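Q: Please take me through how to read some features of a protein model, one at a time.

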Amino acid sequence: LEAVRTDPLLAKYYADTLYGLRQYSAARDDYERAEKLLTEGGSPSIFYDPSDGQEKAMSKEILQLARGRCLYSLGDVDSASQLVMGILNKDQTQADALFEYASICMDRGRTRDA
């Protein structure tokens, strides 16, 4: 488990596992740790994203979106929306953020915004 505390990719995978087990609060914390490790100079890694079958470069935005999913699952819709909108404000074409935004809108009955 020491590597999970020092490697952003392993921290992300660990958080993914916690999310899958519906341990959203713990997953949120580990996504945040992975983001901090990446920001502090952890080397960006390539990871496999099972949601679309693609390999992707680890990024702060990917970790923020994952943390946003945790927040949303915990009922903190406002914080989740702020994370997603923060990403979209920087890059309106970020596909994962657009998908998350549309999902939040659909769940909240705002089909026109989705």
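Q: With which residue does Arg33 form a salt bridge, and how far apart are the closest N and O atoms?

A: Side chains of opposite charge can pair when their charged atoms come close. Here Arg33 pairs with Asp30, and the closest N and O atoms are 2.5 Å apart. A salt bridge is a side-chain nitrogen of Lys or Arg within 4 Å of a carboxyl oxygen of Asp or Glu. Both Arg33 and Asp30 lie in helix H3, three residues apart, about one turn of the helix. This is a predicted model, in which local features need pLDDT of at least 70 and side-chain atom pairs count only at pLDDT 80 or more, while totals for chains, interfaces and linings use all residues. Residues are numbered from 1 along each chain as its sequence is written, and side-chain values use heavy atoms, with hydrogens and water left out.

Q: Is Asp30 buried or exposed?

A: Buried means under 20% relative accessible area, exposed over 50%, and partly exposed in between, with a 1.4 Å probe and protein chains only. Asp30 counts as buried because its relative accessibility is 5%.

Q: How many salt bridges does the structure hold?

A: There are five salt bridges. One of them joins the side chains of Arg28 and Asp29 at 3.2 Å, N to O. Arg28 is partly exposed, at 22%, and Asp29 is partly exposed too, at 36%. Another is formed by Glu100 with Arg69, the closest N and O atoms being 3.0 Å apart. This pair links distant parts of the chain, since Glu100 is in helix H6 and Arg69 in helix H4, 31 residues apart. Glu100 counts as buried at 12% relative accessibility, whereas Arg69 is partly exposed at 31%.

Q: What span does H4 reach from its first C-alpha to its last?

A: Helices (H or I, at least four residues) and strands (E, at least two) are DSSP runs, numbered from the N terminus. The expected span of a helix is 1.5 Å times one less than its number of residues. H4 has 14 residues and reaches 20 Å, close to the 20 Å expected. Its buried residues include Leu63, Gln64, Leu65 and Cys70. After H4 comes Gly75, whose phi is positive, near 95°.

Q: Which residues does Gln64 touch, leaving out those up to four places away in sequence?

A: Contact means heavy atoms within 4.5 Å. By that criterion Gln64 touches Glu35, Leu83 and Ile87. Gln64 counts as buried because its relative accessibility is 11%.

Q: At what angle do the axes of helix H5 and helix H6 cross?

A: Two packed helices are described by the angle between their axes and the distance between the axes. Axes are lines fitted to C-alpha atoms, for helices over the stretch in contact, and angles run from 0 to 180 degrees between N-to-C directions. The axes of H5 (residues 77-90) and H6 (residues 95-107) cross at roughly 145° and come within 9 Å. Among the residues that meet are Val84 and Leu88 in H5 and Leu98 and Tyr101 in H6.

Q: Where is Arg22 placed?

A: Arg22 sits in the loop between helix H2 (8-20) and helix H3 (24-39). Although Arg22 is not a glycine, it has a positive phi of about 65°. Arg22 counts as exposed because its relative accessibility is 66%.
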